Structure formats: C-alpha cells, structure tokens
Amino acid sequence: MTSSDSLDTLESLQADLAELIERLPNLKHQQLIQQALSTILRLAGNEIDRLDWKILSASLADMERGFELFYTYRHVRKVTIFGSARLSPETPEYQIAVDFARDISQLGFMVMTGGGGGIMQAGNEGAGRENSFGLNIQLPFEQEANPFIEGDPKLIHFKYFFTRKLFLLKESDAVALFPGGFGTQDEAFECMTLSQTGKFGPVPVVLIDSPGGDYWRSWSEYINQKLVKTGLVSPEDPSLYTITDNLSVACKAITGFFQVYHSSRYVGDRLVIRLKTELSPAEVEQLNDNFSDILVKGRIETSQALPQEGQDETSQLPRLLLYFNQRDLGRLYQLIAAINKMGTTSAEVKAHPELK
C-alpha cells in the first residue's frame, strides 16, 4: 500500500467514524455500540503486541461474517451436528446422520455443520443445501468444504476455531452428536460443561448411536460410574442430554423441548422463562411444589414482559419469573421438561416448534 493509499484509507475511516458518532444517539443498540468502541479506544491507548491486534482484527472479521449471515435466519431454530470427519458414507453412523438431518429439516429446523467431510457431510446431505449451513475452518492444508454445501452462500470460512465454535453453539437451538474421535469428545464435553454452568442454552443435547450401537451408551456408563457415583457431577446432570439410537426419540427430544418452553434470559438476578402459552395457577403451584429446591428465595411466578424487555421480540409471550440458584442446571432442565407437559398449546404452535 502506498502512502497515498494509506492517507485515503485513513481519511475514509475518519469520515465513517464521524458519521457513526453523529448517528450513535439514534441507533437501536447505541449503548452496546458505544461500549465496543470504547474498548477499542482503550486498547489503542495501551501497549499491546502487533499479534494481539491481528488476532482482534481477524476475530472481528470472523464475527462480522457470522453475524451478517445468521441475522437473516434468526427466527428459524437450528440444530448443530457434531461427529467424526473420518466416517465414510458406507458406515451406519454416516447413514443415520443423513437420516436424522433429513428428518429434523422436514420438521422445519435448519442444520449447521462444520462444513467438512464425514458426519458433517452427512448432515448437509440429509438436510439439503437449502436447509444447511457450513461453518468451515481455514487450515494450512486446506480443509475443503463437502460437495453438499460447497459454493453455497451459507458456507462461511472461519480463520479461528474459537470463533467457529462460538457460532456453532451461539446460533444453535439444539445439538446432535454422533460418534467421533477427540474432536467430537471435546465438543460433547464442552456442550456439557457450558450447559452445566449456564453458559449455553438451555437447549436439548442429543447423543445419537447407530441402530444397535453402543458408542454413547458406553460413554454414559463411564459418566455414571466415574462422575455421578463419585460425586464429581450432580445426579441430575445426565438430564442435560438424551442418548438414543432411535431417530424418532432423537427428533422428539428436540421438538418436545420447545413444546411450551420458548427461551429464557436473565433480567437482573431473576431468570425469565418465556412460554408459548400461559400456565394455569394450579400448574404454577405444582412447579413450586416440585422445584422449590432450586430457588434462592421467593416463588415461581407468572408475569408479562418486564420493563427491561421493552425491545425484546418475544415481549408478547407470557413468562415465568424465578430466583434460580444458577447452580442446579440439571434440575432446571427437569423444570423445563415439566413445563413442556403443561399448558394448552394451539395446533399451529405445535406444528411449528422450529419458529422462534
């Protein structure tokens, strides 16, 4: 770049920043935009390495691509599929992944994979290009995208694994894991860790064996014997996931999770659970009787949208409010399961669990 090009770029940046600052008071998320700009300014005033700036710049570029793509599809629920990249189309694990992706996409969900081969390819093949995302990774030895997502505008090439995994989880409303190696085990345990600590979800996590297979059943035996029985995890933590070799069960674990439950967030120190339909006073009383152990104080109460949720797209949905202890996440998943057996959901809502 010549000095003239550099000067033109700087002048263009100055003009863009001046325009942004002028518009900032009227922007929808002006407070958060201001915080992001302030962070950049503070970093610019400190001594940090050139490599740090390269990491920051490339990470923001990764996230820019992800944010722009997924915003268009924000109202459709998505299922992330993890599994081995080494399994060939002739294996039963590959075929059940194809069948699962086809079944769940026919229910209205979209499918996200890492965009590569093996189980990732099976997911994109089963869902079809129209219902697929591929979140590939740039590697020195060039991990190519599989032919079922190659060239599609919903294929993104990320520079970093951590930004790629951020979107594979951030944008997912459910996770389906098939047999795989170290990478799949890492993804399985990260899902469990983030779910257990409340940093991810709540979303359904389904571990799917091939028919008659015991990959995840053996994994579950290890969890029960070495973690649950020794007190290293809570007895309720296996409620964070479902293990099955039956695709009907796998799909029901996902669609049933969103039967009455819609989503949740924290407002201050209260957990707000958004519902697709109101619960009766008797049903709320039943929840209080069965789940008072996870409350720091008070009771589970019904509510409409809180004042702090004024810009929330779900503001028309009924809510439950509770002072959740933020520790017993396995019990929270049990609470959601109980909620999904309550209420009177309309036929239209039941028919479209994929809609946010």
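Two residues are in contact when heavy atoms of theirs lie within 4.5 Å. Keep that in mind for Leu 320, which, leaving aside its neighbours within four places in sequence, is in contact with Leu 271, Val 272, Ile 273, Leu 275, Leu 279, Val 284, Leu 287, Ile 300, Glu 301, Thr 302 and Ile 339. What you're looking at is a predicted model.

**The cores**
- Leu 320 belongs to the largest nonpolar core, which has 56 residues.
- Leu 320 is also among the residues with the most contacts inside that core, along with Ile 273, Leu 287 and Leu 335.
- Helix 11, covering residues 329-339, gives the most to this core, with seven residues.
- Apart from this core lies another one, of 23 residues, and Tyr 94, Ile 96, Ile 208 and Ile 254 are among them.

**Strand 5 and its partners**
- Strand 5 takes in residues 174-177, and both of its faces are covered.
- On one side you'll find Ala 174 and Ala 176, on the other Val 175 and Leu 177, and all of these are buried.
- Strand 1 (residues 78-82) pairs with strand 5 in the parallel sense, over four bridges.
- If you want a spot to check, Val 79 has Ala 174 as its bridge partner in strand 5.
- Strand 6 (residues 205-208) runs parallel to strand 5 too, and three bridges join them.
- Here Val 175 has Val 205 as its bridge partner in strand 6.

**A look at Thr 80**
- Thr 80 sits in strand 1.
- Its relative accessible area is 0%, and buried means under 20%, so Thr 80 counts as buried.
- Not counting residues up to four places away in sequence, Thr 80 touches Met 112, Leu 168, Ser 172, Ala 174, Val 175 and Ala 176.

**Helix 9, side by side**
- In helix 9 (residues 247-255), the buried residues are Leu 247, Ala 250, Cys 251, Ile 254 and Thr 255.
- Looking down the axis of helix 9, these buried residues fall within an arc of 125°, so they line one face of the helix.
- An α-helix has 3.6 residues a turn, so residues three or four places apart point the same way.
- The face turned away from the buried side of helix 9 carries Ser 248 and Lys 252, which are exposed.
- The cover over the buried residues of helix 9 includes strand 1, helix 4, strand 5, strand 6 and strand 7.
- Asn 246 caps the N-terminal end of helix 9, with a side-chain oxygen 2.8 Å from the backbone nitrogen of Ser 248.

Technical notes: Residues numbered from 1 in each chain as written. Predicted model: local features only at pLDDT ≥ 70, side-chain atom pairs only at ≥ 80, totals over all residues. Heavy atoms only, no water. Buried < 20%, exposed > 50% of the residue type's maximum accessible area, 1.4 Å probe, protein only. Helix = DSSP H or I, 4+ residues; strand = E, 2+ residues; numbered from the N terminus. Pairing = 2+ DSSP bridges. Core = buried A, V, L, I, M, F, W, Y, C linked by side-chain atoms within 4.5 Å. Arc of directions from axis to C-beta. Polar contact = N/O pair within 3.5 Å; in protein donor to acceptor, adjacent residues only side chain to side chain.
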